[in-house]
Amino acid sequence: MIRKRLLVILVLALSVHSIQVNAAEEREPYDDRYCTTCHGTDGRGNYGVQAPRLAGMEAWYLKRQLENFRSGVRGTHPRDIEGIAMRPMASKLSDESIADIIDWVGSWEYIPTEVTIEGDETAGAQLYAQCASCHGQNAEGNEALGAPALQGQNDWYLVTQLKNFKNGWRGAESGDAFGAQMIGMAQMLSDDDAINNVVSYINTLGRK
Amino acid sequence: MTRLVTRREFLNLLGTTGGTAAALKAGTALGLLPATGTAKALDLLALGSNNKKVAVLGGGLSGLTVAHELGKRGYDVTILEASHRCGGRIMTVRHGDLIDEIGNRQYCEFDDEPHMYFNAGAARIPSLHSNLLAYCKELEIELEVFVGENNNAYLQDDAMLGGKPVRANDYKTNIRGFLSEMLAKSMSEQQMDEPFTESEAESLLSIIRSFGDLSEGDLYQGSFRTGYKSGGFLTHGVQHDMIAFRDLLAGQMGRRALSAYEGDYGPCLLQPTGGMDNIIAGFLRKVGERVKYRAMVAAIQVRDDGVEIAYDQDDVRHKLDVDYCFNCIPTHLTVGLDHNFSGDYVKALKYVKRGQAYKAAFQAKERFWEKEAIYGGISRMNNRSSEIWYPPHGIHKDKGVILAAYDFGGGMYHTMMSQEERVEAHLSDGEKIHPDYRNLVEKPITIAWHRMNHMLGCAARWRTSFRGWTAEEEELYHTLQAPVNGRHYVIGDQMTMHSAWMESAILSAHWAMEDLDQRVRAELA
Ligand SMILES: Cc1cc2nc3c(=O)[nH]c(=O)nc-3n(C[C@H](O)[C@H](O)[C@H](O)COP(=O)(O)OP(=O)(O)OC[C@H]3O[C@@H](n4cnc5c(N)ncnc54)[C@H](O)[C@@H]3O)c2cc1C
């Protein structure tokens, strides 16, 4: 499913990209643009680390999630294995760094991810009817409601999230009003099959 | 109401689970070590006037091995390394070095002296790892003995002897004594001699007696092997008190104390003088100019006639077209690159899990262990910090760097903690052995391999069962070992059945180059 594309010499903005160096001595510098180690080339998502696609993500949603991870609103529940892996990645980011990262992520080309989940799309379509009011008919997201796009996201990641919401491993922390909404929604998915079905339907939406 | 098992019952128990006759036959088949011992000479064709381009993805040991060997044969090699340093899991930390743990970057503040270093990844070279040793010789890397087993180091277990540390020597001598007494008793009671001839039985009995230092009547009554309680030089030595067997059984240290130095870990172990990364420095003296640093591979597109690589360096995406490519990037990170691998190949890449190794070290303000007659070696604790390593180098200097924790399997326990929590955990664990530990150490560093940039883990885990590889795992392994179009090779200890050794990384490189060599010979013939 991975689309071949021409590799061009791509000059990324050299903008704020703050490299931190200890002034007293000449030391190896580092920066906060380490996201692709886990999230894959140009933030395409990496199953190997269970880190989802970031390319094409709405700036407002990306910002909120980074802030949630940073403050511990997300990624603190002991059963949220993947969230726990992500949280320390954000816990030391400054507001400046977050702004820089959002610019950087914005420079990546959106590529729909590979399909890995099998389910009953027809059954999934029925379930999705209840989701569309917030996430949109084509899972394109709705900023006004704070609901992100789901189309083209790694399907294995969507499955993890729905399980985490359903079990209260994501969204139950105080201060996570948006996540809390999803806890209720995820209860409508009665079992793993229902989750796979709705995700396999989302897989059919908005793939360019 | 616990019923005591008699010695005879115990031996009968052993008899039913094993059987001496079987053990006698098994003898030579019990191969603990993979078959190595002599380094293999690589017979690779020199290219002469033919031009072939090679990309090495990742400056790990296997990648550098390829660059060095193919460079010698006239291949045009480029090494792309994402990090600021080569070596990957061969990492020595010294004064001022950056420890690139994502989310917890540290600079090392150790004193700036040659013996003040910490091998945060690989730290021991087994004598039988002959291909690695051959490179050390070829590249003129000075080696010295690494001390692992040290009878004067401690064992500590809260459940044993009220948590008081015991010298390894005391522990082992007493255990051996008690075991020998039981065995000798059973021999003389005609319980075990059935499969032996008379002279074999005699010789076995004498081995048992000397194994446990038994006294008259085949009794274990303590031993001078534990050293003297007092005297010994100018006056007669006074023997240490025996430790009751039952007291030793209360702890969990037996397995670790008695088997920690077997197989690859057996003496004599070696280390490069001045740090394990001197091995990397040795390779870089040969191929250093071919390395591009902070060059993160982004894409691997395998074509019929070559491989197109893309990499990011200085915020610019570069292209590199080559004939062949050798890839030691950890499999789970390769999954996230822009590639055109087949479904089966990707399935194999995805299958491999990673070990979660964790290490920590302190600078010691003084070499307090030497005052306790410890020169090198490892103390072991039944707590999460698990081990303390005393440096075999820098003996009698003012300070030293000690390993404060080593968790090879379940390192997430410490990885999940903040830096402060990690350090406090090691201090409170270590002071169970060295009461004044907290005041004697400073300048901590921690290395959580699961979060180290561009590595995110330690040894590749192919096996999901302790019983061995499943047929499916074997198949996935061979799928990944086979080069894509004869052009893209996965290398590294991840592409062996004995991961987590430098020797394995080298042997994977040799396998791949020999496979390539056949193809090149066929093409040029
Ligand atoms: C804690 C610990 C203890 C160990 N102890 C011992 C020991 O005592 N004795 C022993 O023999 N072995 C030991 N080992 C194992 C030994 O270190 C490894 O087997 C060996 O170093 C692996 O080499 P490798 O060639 O597979 O490359 P690796 O070391 O895995 O290197 C991979 C390289 O790829 C680079 N890379 C990653 N992503 C990219 C990218 N996108 N683009 C470019 N480059 C990239 C990395 O930065 C790295 O340099 C230990 C390992 C650990 C972690």
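Predicted model: local features only at pLDDT ≥ 70, side-chain atom pairs only at ≥ 80, totals over all residues.
A search of the whole structure turns up four cavities of 30 Å³ or more.

Now for the way chain B is divided up. Its domain assignment gives domain 1 (34-85 + 293-352 + 469-524), domain 2 (93-152 + 266-277 + 355-451) and domain 3 (163-251). Domain 1 and domain 3 of chain B have their C-alpha centres 53 Å apart.

The shell around the ligand takes at least three residues from each of domain 1 and domain 2 of chain B. There are 37 residues around the ligand, and B:Ser62, B:Glu81, B:Arg89, B:Arg124 and B:Met502 come nearest. Sorted by class, the shell has 23 nonpolar, nine polar and five charged residues.

In the side chain of B:Glu81, an N or O atom sits 2.5 Å from an oxygen atom of the ligand. A polar backbone atom of B:Ala123 is 3.1 Å from an oxygen atom of the ligand, while a nitrogen atom of the ligand is 2.9 Å from a backbone N or O atom of B:Val297. How much of the ligand's area does the protein bury? Taken alone the ligand exposes 1000 Å², and 98% of that is buried by the protein. Helix H3 (61-72), strand S15 (296-303) and helix H16 (502-524) of chain B are the elements that give two or more residues to this shell.

One more stop: the second largest pocket, with about 1200 Å³ of space. Two or more residues of its lining come from each of helix H1 (35-39), helix H2 (59-71), helix H3 (81-90) and helix H6 (155-166) of chain A, and from strand S20 (353-354) of chain B. The largest share, seven residues, belongs to H3(A). Altogether 46 residues line this pocket, and A:Val49, A:Gln50, A:Glu82, A:Ala85 and A:Met86 lie nearest its centre. They divide into 27 nonpolar, ten polar and nine charged residues across the whole lining.

How values were computed
Residues numbered from 1 in each chain as written. Chains lettered and ligands numbered in written order. Heavy atoms only, no water. 1 Å grid on protein atoms, 1.4 Å probe; cavity = no way out; pocket = protein on both sides within 12 Å on 5 of 7 lines; lining within 4 Å. Points joined across faces, edges and corners; volume = space filled by probe spheres on them. Helix = DSSP H or I, 4+ residues; strand = E, 2+ residues; numbered from the N terminus. Nonpolar A, V, L, I, M, F, W, Y, C, P; charged D, E, K, R; others polar. Near = heavy atom within 4 Å. Polar contact = N/O pair within 3.5 Å; in protein donor to acceptor, adjacent residues only side chain to side chain. Areas by Shrake-Rupley, 256 points an atom, 1.4 Å probe, with all protein chains shown as cover. Domains from an automatic or database assignment.
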